[in-house]
Amino acid sequence: MNRITASYFTKIAAFLEFFVAAILLVAILSGAILLAVNLMGDLIHNPQVVDLNQVLGDALALVVGIEFIKMLVKHAPEAVVEVLLFAIAREMVVTHAGSAETLMGVIAVGIIFLIRHYHCPAKTAGAERGKEV
């Protein structure tokens, strides 16, 4: 009975993860459409009003959301590392922090690349082999 209950809970949790990913996908698609429409409208009517930092921030937030959906669906450590990498990169691009915060961001990205290199050697090796061919 305990094993059957655990199996049902696992199936329900997997369904809920898929459901949340589907809701996020709809929200991201809506956000991408709104971003494109607003950007085109601003460029056509008043190009001086376009704030590139805001556009980059919104676009990178969508990218982080896409990576988060991939993490929910894949259930792989590589997906978690990718989400962290994009989130830190977004924060570094969007916010104009001081030199100490920028240095911490660069160190964090470097650590994530090291984790990705040593934790996911098959992916790195496959990418290296693909370049040689």
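Buried means under 20% relative accessible area, exposed means over 50%, and partly exposed lies in between, with a 1.4 Å probe and protein chains only. By that criterion glutamate 82 is buried, because its relative accessible area is 13%, and buried residues make up 17% of the 133 residues in the protein chain.

The structure is a predicted model, in which local features need pLDDT of at least 70 and side-chain atom pairs count only at pLDDT 80 or more, while totals for chains, interfaces and linings use all residues. Residues are numbered from 1 along each chain as its sequence is written, and side-chain values use heavy atoms, with hydrogens and water left out.

**Fold and annotated spans**

The protein chain has five helices and zero strands, giving the pattern α-α-α-α-α along the sequence; helices (H or I, at least four residues) and strands (E, at least two) are DSSP runs, numbered from the N terminus. An unreviewed UniProt entry places the feature "transmembrane region" at residues 12–35 and 93–115, and such annotations may be inferred rather than shown by experiment. Residues 12–35 are 100% helix and 0% strand, with end C-alpha atoms 34 Å apart, whereas residues 93–115 are 83% helix and 0% strand, with end C-alpha atoms 22 Å apart.

**Salt bridges**

A search of the whole structure finds two salt bridges, the term being used for a side-chain nitrogen of Lys or Arg within 4 Å of a carboxyl oxygen of Asp or Glu.

| Glutamate 67 | Lysine 70 | 3.2 Å |

Arginine 116 is partly exposed, with a relative accessible area of 24%. Lysine 70 and glutamate 67, by contrast, are three residues apart in helix α2, and are therefore separated by about one helical turn. Within this pair, lysine 70 is partly exposed at 35% relative accessible area, while glutamate 67 is buried at 10%.

Helix α4 also holds phenylalanine 113, which counts as partly exposed at 40% relative accessibility. The C-alpha atoms of phenylalanine 113 and valine 81 are separated by 8.6 Å, although the two residues are 32 apart along the chain.

**Surface patch and pocket**

Ile4, Tyr8, Phe9, Ile12, Phe15, Leu16, Phe19 and Ile23 form a nonpolar surface patch with about 870 Å² of accessible area together. Patches are made of residues with over 30% relative accessible area and no salt bridge, with like charges joined within 9 Å and nonpolar side chains (Val, Leu, Ile, Met, Phe, Trp, Tyr) within 5 Å; the areas come from the Shrake-Rupley method with a 1.4 Å probe. Phenylalanine 15 lies in helix α1 (residues 2–45) and counts as exposed because its relative accessibility is 53%.

The largest pocket contains about 160 Å³ of space. On a 1 Å grid over the protein atoms alone, a pocket is an open set of points where a 1.4 Å probe fits, with protein on both sides within 12 Å along at least five of seven lines, and lining residues have an atom within 4 Å of a point. The lining includes Gly31, Asn38, Asp42, Asp51, Gln54 and Asp58. The elements that give two or more residues to this lining are α1 and α2 (52–74), and α1 gives the most, with six residues.

Key:
Points joined across faces, edges and corners; volume = space filled by probe spheres on them.
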